[in-house]
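Subject: Handover of a structure and findings

Dear colleague,

Please find below the structure that I am handing over to you. I would be grateful if you kept it open while reading the notes after it.

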Amino acid sequence: MNLGSFIKKQFIDVLQWNEDQEGVLAWRYPMQDFEIQNGATLTVRESQLAVFVNEGQVADIFTPGNYTLTTRTLPVLTNLKNWDKLFESPFKSDVYFFSTRLQTGRKWGTPQPITIRDKDFDMIRVRAFGMYSYALSDPRVFFSRISGTREVYTREDFEDQLQGILLSTLANSLGNAQSAFLDLAANQTLMANTVRDAMALSFAQYGLTLDQFNIASFNLPDDLQVALDQRIAAGMKGGLDAAKAAGYARVQAAEAIPIAAGNEGGLAGLGAGLATGVSMGQVMADALGTGAAGAQGHAAAAPAAAAGPTPAERLGQLKQLLDQGLISAADYDAAKAEVLKKLIG
């Protein structure tokens, strides 16, 4: 090498990374045709690791601190290359910096519901949401399996794969839990710890340490949530037997009365129906009867319903509905007027 070409050579005296870009996990120092000067300074800041890679092999890993690059500080690299001049001249090597800072506030969620078996509802579809945090802990593994020789590798480049690991682990954990959905929702912390232990092993395979993992909520799809709300309102936990079916009918009947009152004609229309022989009391009895006794009562009342109640009975039924708070005073007065009108003419 003549003097002119030597002067054109550019040497690196200081290697460091300022982490100017948020979310970068790995960054390659821009070498190009540069060479590292013997005796150069390497600065590795807290929450960083530096890795020297020579001919595709990880040679040395530097923890936080300031280093003067000599044969004493690069023994592995010296052995790999078998430098006969012991670094008295500049040398070339790729230098990568890795961020070991905690990546916090990473959100996760199930894009599609996960189908699981449930003790109470047989098969249900569940969605879950939460947050997690992690840190890069083994740059050798992360470099060889994930980031490679890219100039910049960000957490966004990798988190799609992390989400896949997370969702797969969550599905397996939910499937093996053998717990009812209501129990899962009430023990989110316990389930989160179970999932976290399984996920930590998967993260370690990529040189990462899982720090925190939580489940913020378990949700059902809207149609299943409506069905669950109805069953909770009826006080049910399992299948519908005769008594529970009657209870469910009572809830539906009670919910229907305010709706009827708000419609045109409202309960006054129901009162008019009473006057024409359709007994509102019987309708309510159908809904409010319980079990086999209610069914038998309905069968026995069928001939009487066909004949129609007397005006006095109709008024008594209306008064009973009023006293129970099932109709308003205005509805009672309107229906009573219809009955009296039919009676008096």
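The notes below go from the whole chain to single residues.

This is a predicted model, in which local features need pLDDT of at least 70 and side-chain atom pairs count only at pLDDT 80 or more, while totals for chains, interfaces and linings use all residues. Residues are numbered from 1 along each chain as its sequence is written, and side-chain values use heavy atoms, with hydrogens and water left out.

Overall picture

The protein has 13 helices and twelve strands; these are DSSP runs numbered from the N terminus, with helices being H or I of at least four residues and strands being E of at least two. Of its 345 residues, 36% are buried (under 20% relative accessible area, with exposed meaning over 50% and partly exposed in between; 1.4 Å probe, protein chains only). Among contacts (heavy atoms within 4.5 Å) between residues at least 6 apart in sequence, 68% join residues at least 24 apart.

Confidence

The average pLDDT (the predictor's confidence in each residue, from 0 to 100) is 74, and 65% of the residues score at least 70. Residues 1–8 have a pLDDT below 50, and this stretch has three contacts in the model beyond near neighbours in sequence. Residues 287–295 also have a pLDDT below 50, with twelve such contacts.

Nonpolar cores

A nonpolar core is a set of buried Ala, Val, Leu, Ile, Met, Phe, Trp, Tyr and Cys residues joined through side-chain atoms within 4.5 Å. The largest one has 41 residues, and Tyr132, Phe142, Phe203, Leu208, Phe213 and Phe218 have the most contacts inside it. Another core lies apart from it and has 17 residues, including Ile12, Met31, Ile36 and Phe97. Leaving aside residues up to four places away in sequence, Phe213 touches Trp108, Met131, Tyr132, Leu166, Ala192, Val195, Arg196 and Met199.

Helix 3

Helix 3 spans residues 139–147, and its residues Pro139, Phe142, Phe143, Ile146 and Ser147 are buried. These residues lie on the same side of helix 3, because they cover an arc of only 115° around the axis (the arc is that of the directions from the helix axis to the C-beta atoms). At the N-terminal end, Asp138 caps the helix, with a side-chain oxygen 3.2 Å from the backbone nitrogen of Arg140. After helix 3 comes Gly148, which has a positive phi near 60°.

Glu19 sits in the loop between strand 1 (11–15) and strand 2 (24–28). With a relative accessible area of 18%, Glu19 is buried, and its phi is positive, near 50°, although it is a residue other than glycine. Its side chain forms polar contacts with the side chains of Gln48, at 2.9 Å, and Arg101, at 3.3 Å. A polar contact is a pair of N or O atoms within 3.5 Å; within protein, one must be able to donate a hydrogen and the other to accept it, and residues adjacent in sequence count only if both atoms are side-chain atoms. Not counting residues up to four places away in sequence, Glu19 touches Ser47, Gln48, Ser99 and Arg101.

Ser47 belongs to the loop between strand 3 (35–44) and strand 4 (48–54). Ser47 is partly exposed, at 22% relative accessibility, and has a positive phi of about 70° although it is not a glycine.

Yours sincerely
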